[in-house]
Structures are given as structure tokens and as C-alpha cells.
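The following exercises are to be worked through with the sequence and the coordinates at hand. Each task is followed by a stepwise solution.

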Amino acid sequence: MNEAVFTQLQKEMDGSVGALRKELTKLRTGRASTALLEHIVVDYYGASTPLNQLSTLSAPEPRLLVIQPFDRSAMVEIEKAILKSDLGLTPNNDGKVIRIPIPQLTEERRKELVKHVKRIAEEYRVSVRNHRRVCIEHLKEAEKKKEITADDAKHGQERVQKITDDFIGRIDHIVKGKEEEVMAV
């Protein structure tokens, strides 16, 4: 049986898990993290430019983000981009740096975030299952064409299921960690 099939499957599922991790970094918890700002794009002299290419981002305190633009003339546009983002944060501009206080999350908001995390996780579980489905179809097709035996196809499907279970477990572990982070006071 071709080992490349399983390698490709793991690579695709690994991509899904990586995308989940990246997506969850964008979720605001009660703690300051520069990852919250990584997806923000600023209109800088007519070009859409990622915020981290226009400034230095830091989190000097657990509830404070600081943005120090390389070009002070971009501060107004950076502020606009932050306000337009779906983060619900209010930047404070002192002419040199932009400070963003991270407010404490309410219990209700924490529960909403946990539900949101679970919805996102389910989308990525579905993605992993779709990769499994495609791989199993590939194995069945190979069996039809007599490229592999029925036993090889069965063992291949079992291996695909083991790989799938492993990646679903990874997603569950990531989600559990994020839920704990969100619910931590």
C-alpha cells in the first residue's frame, strides 16, 4: 500500500489543526496577547498593510497591549483599523504609542466565548473528517481498480480512522486548553 497516501492525509489534517490554533489566537481572552492584533490590516498610504509590519507590538502587562508605530503619521489609520476590527477594543493614542487596555471579561461573555470556541472546533473536526472521507474514497477506488487487495483496503481504512481519531483528539485537547484560558479569572 502506498505510504504517500497516509503521509498526505496527515499533512492535510495537520494543516487543519494548525489553522484551528491560528484562529483561536484571535479570540480575546482576559489576558493581553499580541496575537489579538496579528490579523488587523491598516490602510497605509493606500495599501493594505498588516499592523505588525507598521509597528512594534508588545504586551508589557497582563491587561495592556502597546503599539509603537514606526511612522507616527500612521497612528490615526492604526486606530481606525483597531476600532473597525471585531475585537471590541478601544485604543488610546498619546502621540507616541497606542495603548489598548484589555477589559476583564464578564462571566456571560466567557460562556459565549466558550460556545464560540466549540463551534469553531466543530468546523475543524468536520474538516478532518472530510479529509478522512476523501482518503477512504481513494482507497476504495484503488481496490476497485485492483491496485490494492480488499485486505489492504480494509487495513488502510482502519489506519485512516486511527489517524483521524488522533487528530480529533488533538483538536479536543487544544479546545480544552482554550476553554480553560477563557474561563480563568
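**Exercise 1.** Is threonine 49 buried or exposed?

*Solution.* The model is a predicted one. Begin with the location: threonine 49 lies in strand S2, which covers residues 47–50. Next, take its relative accessible area, which is 13%. Buried means under 20%, so threonine 49 is classed as buried. Finally, list the surroundings: with neighbours within four places in sequence left aside, threonine 49 is in contact with Ile40, Val41, Val42, Tyr44 and Leu54.

**Exercise 2.** Determine the strand order of the open sheet of 4 strands, and state which strands stand at its edges.

*Solution.* The order is S3-S4-S6-S5, and the pairing is antiparallel. Strand S3 (55–61) and strand S5 (92–93) each have a single partner strand, so one side of each has no neighbour in the sheet. Within the sheet, strand S4 (residues 64–69) and strand S6 (residues 98–101) are joined by 4 bridges. Leucine 64 is found opposite proline 101 of S6.

**Exercise 3.** Describe helix H4 and its packing against helix H5.

*Solution.* Helix H4 (residues 107–144) comprises 38 residues. From first to last C-alpha it reaches 55 Å, close to the expected 56 Å. Just after H4, lysine 146 adopts a positive phi of about 65°. For the packing, the axes of H4 and helix H5 (residues 150–183) come within 10 Å and cross at roughly 170°. Angles over 145 degrees count as roughly antiparallel, and H4 is therefore roughly antiparallel to H5. The residues of this contact divide into 18 nonpolar, 4 polar and 12 charged.

Key:
Residues numbered from 1 in each chain as written. Predicted model: local features only at pLDDT ≥ 70, side-chain atom pairs only at ≥ 80, totals over all residues. Heavy atoms only, no water. Helix = DSSP H or I, 4+ residues; strand = E, 2+ residues; numbered from the N terminus. Buried < 20%, exposed > 50% of the residue type's maximum accessible area, 1.4 Å probe, protein only. Contact = heavy atoms within 4.5 Å. Expected span 1.5 Å × (residues − 1). Pairing = 2+ DSSP bridges. Axes fitted to C-alpha atoms, helices over the stretch in contact; angles between N-to-C directions. Parallel < 35°, antiparallel > 145°, perpendicular 65-115°, else oblique. Nonpolar A, V, L, I, M, F, W, Y, C, P; charged D, E, K, R; others polar.
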